[in-house]
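Student: Hi! I've got a new model open and would like to talk it through with you. Shall we take a look?

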Amino acid sequence: TFTGLIICIFSKYISLILLNTEDYYMLIILLGLILPMNVLGFFFDAYLKGLKQIKLFVRITIISSLLTLLFYFPLVYYFDIAGAVISLFVNSFILVFLSYRNLKLIGLTGTIGFSLPKLKNLGGIFKIGLGSLITGSLLQLMYLILRTITINKLGIHENGIYQSIYNISQN
């Protein structure tokens, strides 16, 4: 995606602003490369909810979480923080794979096609897309700023506690 490319290009600058050092720019590049898989995961998440396939959604979420957990500990143990970043990709990949596989099994994948919307609808689509982009970007920026402040004022350990509580509350 375009955002992932921007993250990769400005990785040193992002690392310097968020972490006060350029040492982590390669991990930020890795995050930029992982972004398209995360977007695809969000798409399947929304698709399942939109189809009101709640039982399937819950089953896929539980299975993907358990499988991710199996990968997470060895990746972090052997590759430290890079393993944690790689586990984000593994999590998204597992979610996308399980979602697509299960939707295909019950015949809900349909055919993937591309068609341009009618010209009269473009204005509305553009406004919705722009609004979503701005809102999503500001939300992620807020989270990054909050994490940076937490790390600078309280330390990395306390940020880990904050991140754990935040992630638990989101699921």
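Student: Which helix is aspartate 80 found in?

Tutor: Aspartate 80 is found in helix H4. Keep in mind as we go that this is a predicted model.

Student: Is that residue buried or exposed?

Tutor: Aspartate 80 counts as exposed because its relative accessible area is 55%, and the cut-off for exposed is over 50%.

Student: And what is its phi?

Tutor: Phi of aspartate 80 is near 55 degrees, a positive value in a residue other than glycine. Most residues other than glycine have a negative phi.

Student: Where is the kink in H4 centred?

Tutor: The kink in H4 is centred on phenylalanine 79, and its angle is about 145 degrees.

Student: What does H4 span between its end C-alpha atoms?

Tutor: H4 spans only 16 Å between those atoms, whereas a straight helix of 52 residues would span 76 Å at 1.5 Å a residue.

Student: Let me zoom out. How many helices and strands does the chain have?

Tutor: There are 6 helices and 0 strands. Along the sequence, the pattern reads α-α-α-α-α-α.

Student: What about confidence? Which elements have the lowest and the highest mean pLDDT?

Tutor: Helix H5, residues 122-154, has the lowest mean pLDDT among the elements, at 73. The highest, 86, belongs to helix H4, residues 54-105. For the chain, the mean pLDDT is 79, and 84% of residues reach 70 or more.

Student: What share of the residues count as buried?

Tutor: Of the chain's 171 residues, 22% count as buried. The accessible surface comes to about 12,600 Å², and 72% of that belongs to carbon and sulfur atoms.

Student: Which residues make up the largest nonpolar core?

Tutor: That core has 12 residues in all, among them Met37, Phe44, Leu48, Ile60, Leu75, Val90 and Leu103. The elements that give two or more residues to this core are helix H3 (25-50) and H4. H4 gives the most, with 9 residues.

Student: Let's pick a core member. Why does leucine 103 count as buried?

Tutor: Leucine 103 is buried because its relative accessible area is 0%, while the cut-off is under 20%. Leucine 103 has its place in helix H4.

Student: Which residues is leucine 103 in contact with, leaving aside neighbours within four places in sequence?

Tutor: Leucine 103 is in contact with Phe44, Tyr47, Leu48, Leu51, Leu56, Leu108 and Thr109. Tyrosine 47 is 56 residues away from leucine 103 in sequence, yet their C-alpha atoms are 9.8 Å apart in space.

Student: How many contacts in the chain join residues at least 24 apart, as a percentage?

Tutor: Among contacts between residues at least 6 apart in sequence, 58% join residues at least 24 apart.

Student: One last topic. Is asparagine 159 buried or exposed?

Tutor: Asparagine 159 counts as buried because its relative accessibility is 11%. Asparagine 159 lies in helix H6, residues 156-170. Leaving aside neighbours within four places in sequence, asparagine 159 is in contact with Arg147, Thr150 and Ile151.

Definitions and conventions:
Residues are numbered from 1 along each chain as its sequence is written. This is a predicted model: local features need pLDDT of at least 70, side-chain atom pairs count only at pLDDT 80 or more; totals for chains, interfaces and linings use all residues. Side-chain values use heavy atoms; hydrogens and water are left out. pLDDT is the predictor's confidence in each residue, from 0 to 100. Helices (H or I, at least four residues) and strands (E, at least two) are DSSP runs, numbered from the N terminus. Buried means under 20% relative accessible area, exposed over 50%, partly exposed in between (1.4 Å probe, protein chains only). Contact means heavy atoms within 4.5 Å. Accessible areas come from the Shrake-Rupley method with a 1.4 Å probe; for residues, only the protein chains shown count as cover. A nonpolar core is a set of buried Ala, Val, Leu, Ile, Met, Phe, Trp, Tyr and Cys residues joined through side-chain atoms within 4.5 Å. The expected span of a helix is 1.5 Å times one less than its number of residues. The bend at a residue is the angle between axes fitted to the seven residues ending there and the seven starting there.
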